[in-house]
Amino acid sequence: MKSFLFLLFTLLTSCSSIELIEMWKNPKIDSLSVSKVLIVGMTSNMEARKQFEEKLKKEFESRDIEAVMSLDLFEPTFTAEKKSKQELRIVEQILATSYFDAILFTKIKGIENKIVYSETFKQKDYLDIKFKDDYYLNQEIFYNPEYYRKFNIYHAETSLYCICPIKERELIWKGYIDIVHPISIQETVNDYINLLVFVLEEENLLKKKDIE
């Protein structure tokens, strides 16, 4: 089932800048039903964080799940300095007493620089081309550094935690998602959330929207 899911997403996102690399689901959890979730996007880019949390909030609300953005819950000074484990434990306790039962936490883990051949390489037919044509079309590699293009891969990680007052905050699901050469914040956020929602639905961790 997992391999099928990965294959399906490869097909669905073949033209997208977002790629699901790997995921893990708690083997003790078959399905999950939540009523109130906190959405946390950890990035120094405030515009990206705002768009991400707002769009994901709408996705949950469309499924009759109360969703709260960290931007609305936390004071602006919350991220101004590092928090100790004890301080974060207090935050968890406050969330539990405020009837939150889940936290969806997304962060950028790292950025990787890549250099690849330009799109020219994808425009010819490798099966029919002859050596002289191949050499002729690509000899620009010797003379023009711009024939290669550079881009960044952002390694993102999303984790879904249950949060309740009677037990430890338990990891339910974790997904590793690569954002390849993002062009715009809006497009990247939309693609990322579409992929994330699809996977959570397939894993029975998020109910599907009712068809009107």
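Reply: Start with the lining of the largest cavity: Leu-32, Val-34, Val-37, Phe-60, Ala-102, Leu-160, Leu-200, Leu-205 and Leu-206. This is a predicted model, where local features need pLDDT of at least 70, side-chain atom pairs count only at pLDDT 80 or more, and totals for chains, interfaces and linings use all residues. Residues are numbered from 1 along each chain as its sequence is written, and side-chain values use heavy atoms, without hydrogens and water.

Me: How is a cavity found, and what volume has the largest cavity?
Reply: Rolling a probe the size of a water molecule over the atoms shows where empty space is left. On a 1 Å grid over the protein atoms alone, a cavity is a set of points where a 1.4 Å probe fits but cannot get out; lining residues have an atom within 4 Å of a point. Points are joined across faces, edges and corners, and the volume is the space filled by probe spheres set on them. Here the largest cavity has about 50 Å³.

Me: Which classes make up the lining of the largest cavity?
Reply: Nine residues are nonpolar, none polar and none charged. Nonpolar means Ala, Val, Leu, Ile, Met, Phe, Trp, Tyr, Cys or Pro; charged means Asp, Glu, Lys or Arg; the others, Gly among them, are polar.

Me: What about the second largest pocket?
Reply: A pocket is an open set of points with protein on both sides within 12 Å along at least five of seven lines. The second largest pocket has a volume of about 410 Å³. Of its 19 lining residues, Thr-43, Ala-48, Ile-108, Ile-179 and Thr-188 are the closest to its centre. Eleven of the lining residues are nonpolar, six polar and two charged.

Me: Which helix gives the most to the lining of that pocket?
Reply: Helices (H or I, at least four residues) and strands (E, at least two) are DSSP runs, numbered from the N terminus. Helix 7 gives the most, with four residues.

Me: Which residues touch the most other members of the largest nonpolar core?
Reply: Such a core joins buried Ala, Val, Leu, Ile, Met, Phe, Trp, Tyr and Cys residues through side-chain atoms within 4.5 Å. Buried means under 20% relative accessible area, with a 1.4 Å probe and protein chains only. Of the 32 residues in this core, Leu-56, Phe-60, Trp-173 and Tyr-192 touch the most other members. Helix 7 gives the most to this core, with nine residues.

Me: Which residues are buried in helix 4?
Reply: Val-91, Leu-95 and Ala-96. They cover an arc of only 140° around the axis, so they lie on the same side of helix 4. The arc is that of the directions from the helix axis to the C-beta atoms.

Notes: Buried < 20%, exposed > 50% of the residue type's maximum accessible area, 1.4 Å probe, protein only.
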